[in-house]
Amino acid sequence: MIVGLFMAPLLSLKPNRLMPGDPGYLIDIAPLNDILLVLSLLVLFLIFANLLSWNKHLKLFMCLILSAIFYKIITISGDVALVRSEADFLARTAFTTGFWLFVAGYIVVMMQAFATVIEKKYDIKLLIILLTIAPVGLLFFNGGVGEISIFKELMSKQDRFLLEFKNHLLISGSASFSAILIGIPLGIYSFRHQRLSERIFGLLNIVQTIPSIALFGFLIAPFAWLASKSDFLDSVGFSGIGFAPAITALILYGLLPIVRNTYAGISSIDPSVVESAKGMGMTSGQILIKIQLPVSMPLLMNGIRVSFVQCIGNTAVAALVGAGGFGLFIFQGLGQSAVDMVLLCAIPTILLAVFADTIMQFIIKLTSPKGMDYDTD
Amino acid sequence: MIQIKNLTKNYNDYAAVKDISLDIKKGELCVMIGPSGCGKSTTLKVLNRLETPTEGSVFINGEDISNIDPVILRRGIGYVIQNVGLFPHMTASENIATVPQLLKWDKNKIGERVEYLLNLVGLEPFEYSKKYPAELSGGEAQRVGVARALAADPEVLLMDEPFGALDPITRSELQRSLVKIQSELKKTILFVTHDIDEAILLADMVVLMKDGEIVQSGSPTQMLEFPVNKFVRDFVGTDRALKRLSLTKVETFCKPAPYVSLNTDISNAVEMIDNGIYIWVVDENEKPCGWLDAYMDEPTGFVKDYCTIDSFENFTVSKKQSVKEALNKMIKSGVNQLVVVDGDERLLGEISIDDIIQKS
């Protein structure tokens with residue numbers, strides 16, 4: 001983090017959107033009193049970090065200090081950007097190595113603080129989360145920040161950004177949902193037909209090993225052919241490129257974790273449990289719904305989590321076949337070597353995946369049957 | 001109650017059960033016993049249609065079970081298996097309530113039933129009803145298993161080596177519980193085990209199987225006294241005389257014995273020693289507390305001044321205990337006779353090793 005702040009350039013000072021810029025070190029670009037402020041906060045932080053016993057108040061205080069440093073750095077950058085763009089309309093000021101290093105360190109420390117909070121202290125956890133994102137929220141009240149390159153990119157494409165955000169959610173959401181609808185019954189089916197299960201898993205494993213770009217491309221030809229043969233398919237917008245092949249490929253990818261975990265979940269149940277259920281006069285449907293699914297719920301939900309998170313990432317690639325989503329900007333940005341444009345969509349994609357993962361973890365905890373504590377076993 | 005007629009079960013070429021017929025009367029506990037692979041578990045599973053017979057038929061209450069929907073049939077038959085198979089995501093109460101819920105009983109009725117059953121199997125409802133299977137010991141889990149099987153008050157109970165996976169102490173506790181429960185409920189029970197002692201303890205009727213056939217069936221005493229062939233003799237063990245004693249109660253061999261109270265004058269007491277060796281001494285509640293030896297030098301005073309008082313429970317047996325237990329106590333304490341007491345611990349008489357040997 002310190003390396004990020006002082007040894008590496010914080011900002012890239014570019015003459016325009018695409019040209020490479022000059023490195024801008026924190027010491028060079030910031031006014032003296034701001035540098036002193038950041039430095040003294042850092043020293044304070046380091047002193048506290050080396051104290052042996054952390055209690056919750058001290059921990060919160062340290063988060064506060066870090067949060068303040070983060071905020072200060074963003075506003076310094078904003079001021080620099082404002083000054084530069086007033087001087088030259090085309091000038092761009094972008095975050096670079098130093099800034100990202102700092103953010104990485106920032107997130108690691110905050111997560112560490114979050115993870116060491118005792119399970120039940122929800123108020124403290126909430127405060128840490130608020131402190132972590134507070135600097136980002138405060139950005140909107142600072143005029144200069146809008147002049148930083150990545151936000152300029154956002155402003156200029158705001159509508160498209162929101163649209164592709166929605167697209168991204170729609171594609172990964174519907175693909176995951178379909179994967180669940182197909183995957184769970186398939187998992188149950190493969191448990192009941194052990195011989196066929198080997199083939200099902202063989203097939204899904206092969207799909208999983210195909211690189212995603214190849215699979216998207218692979219589907220174009222058969223889908224285009226299908227669309228050309230059937231007026232109905234054509235009329236509902238089914239074609240070689242776009243939504244249909246993207247979602248199909250994503251579903252295929254998403255199946256394996258769900259099918260595998262459903263199968264593993266049901267297989268892991270002690271056979272005597274199922275035998276006694278049967279011996280007590282439960283129908284096979286009742287055994288499935290009352291015994292097998294609830295008992296295997298944690299494993300099953302974990303499969304859905306893996307599938308969903310993976311799907312959000314893969315959706316970015318789906319833009320290649322014209323399905324839309326954040327991938328659209330990423331590949332556009334790569335094509336134009338506009339790093340800020342790539343970051344503008346890569347970061348939300350990552351955040352979305354992390355967010356989905358966290359939500360799923362929470363749901364797993366909620367749906368895990370009581371009396372079966374996997375952690376303590 | 002249960003009639004098995006010419007039952008045969010083949011797995012491909014292998015005949016697991018060969019043409020067996022068996023009648024189990026209402027309220028009878030029938031134990032099927034035999035070495036592994038003798039077909040006893042298969043026979044049991046035919047009864048709730050977890051196995052389909054190759055030939056032959058089974059009647060419960062006069063009705064051919066192949067005409068009953070297996071799901072309906074099973075809800076009317078309690079089923080206990082060796083590995084218990086409690087549902088891990090349900091509490092003890094929820095486990096027990098399974099069949100009543102399948103039968104759509106009224107909620108209050110289920111609640112009362114669960115509480116009654118927990119008490120019946122010796123688990124305090126307040127403490128255990130909310131526990132999950134993972135929180136129960138093996139013995140407690142199987143008690144819940146038995147309660148679950150009894151939940152909808154079935155007439156027939158099938159128990160497939162229910163205590164086989166338990167340690168010896170827990171096993172004998174559960175066996176005693178089952179005896180008590182059975183004396184209250186009088187269910188018709190088919191119980192499968194490979195433990196001959198368990199069979200002798202529990203059974204009204206023992207059915208000994210080997211290679212899919214019934215070798216001998218009858219009461220435990222019959223089996224021990226008149227084994228039909230070498231296989232049965234070997235299976236019941238070389239200690240079958242002792243095993244038979246485990247079926248006999250102490251009261252059978254109990255004979256009256258003279259006794260004196262602690263406060264008797266010693267000279268009167270000495271006169272009462274009719275066998276010339278000793279006399280039992282009781283306290284004011286007629287509870288035996290020691291004995292008086294015949295050989296004393298000019299005794300004066302009361303019995304209590306001369307009486308030998310040891311840890312006296314080593315020398316007493318209850319009339320309800322088995323003769324085998326009495327013998328065990330004699331050997332352990334190194335004596336030839338024990339005092340026999342009744343249910344209130346009052347002296348009833350004595351049992352001696354000579355009588356056991358001469359009369360049995």
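Which residue with positive phi follows H1(B)? Arg49(B) follows H1(B), and its phi is positive, near 60 degrees.

The model is predicted, with local features needing pLDDT of at least 70 and side-chain atom pairs counting only at pLDDT 80 or more, while totals for chains, interfaces and linings use all residues. Residues are numbered from 1 along each chain as its sequence is written, and chains are lettered from A and ligands numbered from 1 in the order in which they are written.

**View 1. Helix H1 (residues 40-47) of chain B.** Helices (H or I, at least four residues) and strands (E, at least two) are DSSP runs, numbered from the N terminus. Because 8 of the 8 residues of H1 are buried, this helix is largely enclosed by the rest of the structure. A residue is buried if 20 or more other C-beta atoms, placed from the backbone, lie within 10 Å of its own. Among the buried residues of H1(B) are Lys40(B), Lys45(B) and Leu47(B).

**View 2. The side of chain B that touches chain A.** The contact takes 20 residues from chain B and 18 residues from chain A; two residues are in contact if their C-beta atoms, placed from the backbone, lie within 7 Å. Helix H2 (70-75), strand S6 (77-81) and helix H4 (98-102) of chain B each give two or more residues to this side.

**View 3. The kink in helix H14 (residues 284-318) of chain A.** A kink of about 65 degrees lies at Met297(A), shortly before the proline Pro298(A). The bend at a residue is the angle between axes fitted to the seven residues ending there and the seven starting there.

Conventions
Expected span 1.5 Å × (residues − 1). Buried ≥ 20, exposed ≤ 12 C-beta atoms within 10 Å, placed from the backbone.
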